[in-house]
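Subject: Structure handover

Hello,

Here is the structure for you to look over. My notes follow below it.

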Amino acid sequence: VQLQASGGGLVQAGSSLRLSCAASGRTFFSNYMGWFRQAPGKEREFVAAITWSGGSTVYADSVKGRFTISRDNAKNTMYLQMSSLKPEDTAVYYCAADLRGSVVSGPYNYWGQGTQVTVSS
């Protein structure tokens, strides 16, 4: 299984970005897939998660109302639409799949390589 995260970049505060996470190999995960992020000098933190059907989503309080997680199973791809970006959203964003524990703390069996998001003030 491979997860390929993409879509990061350098944007100004208030801007939007859409991250993508494409899955190859095994593409069916019956439980949650999610996004995490890690800022320099900080621990990795949960951002959002979504079930296979897309019927259930979970968000960290820090991104609720600004970020939207979705998935297109026909394309084996999960997305994170980020709006109203803030400098504190600057981090490397990772996608994860195949949850084996808590949605927020994991563990998840598979991880993407990460994509850098930098928000300037």
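Of the contacts in the chain with a separation of 6 or more, what share comes from residues 24 or more positions apart? They account for 54%, where contact means heavy atoms within 4.5 Å.

Some ground rules. The model is predicted, so local features need pLDDT of at least 70 and side-chain atom pairs pLDDT 80 or more, while totals for chains, interfaces and linings use all residues. Residues are numbered from 1 along each chain as its sequence is written, and side-chain values use heavy atoms, without hydrogens and water.

**Strands.** The chain has 0 helices and 11 strands (DSSP runs numbered from the N terminus: H or I of at least four residues, E of at least two). An open sheet of 4 strands has the order 1-3-8-7, with antiparallel pairing (pairing takes at least two DSSP bridges). Its edge strands are strand 1 (2-6) and strand 7 (67-72). Strand 7 is joined to strand 8 (77-82) by 6 bridges.

**Core.** The largest nonpolar core has 37 residues (buried Ala, Val, Leu, Ile, Met, Phe, Trp, Tyr and Cys joined through side-chain atoms within 4.5 Å; buried is under 20% relative accessible area with a 1.4 Å probe, protein chains only). Trp35, Leu80, Met82 and Tyr93 have the most contacts inside it. Strand 9 gives the largest share, 6 residues.

**Overall.** Of the 121 residues, 45% count as buried. The C-alpha trace spans about 40 × 25 × 25 Å along its principal axes.

Best regards

How values were computed. Buried < 20%, exposed > 50% of the residue type's maximum accessible area, 1.4 Å probe, protein only.
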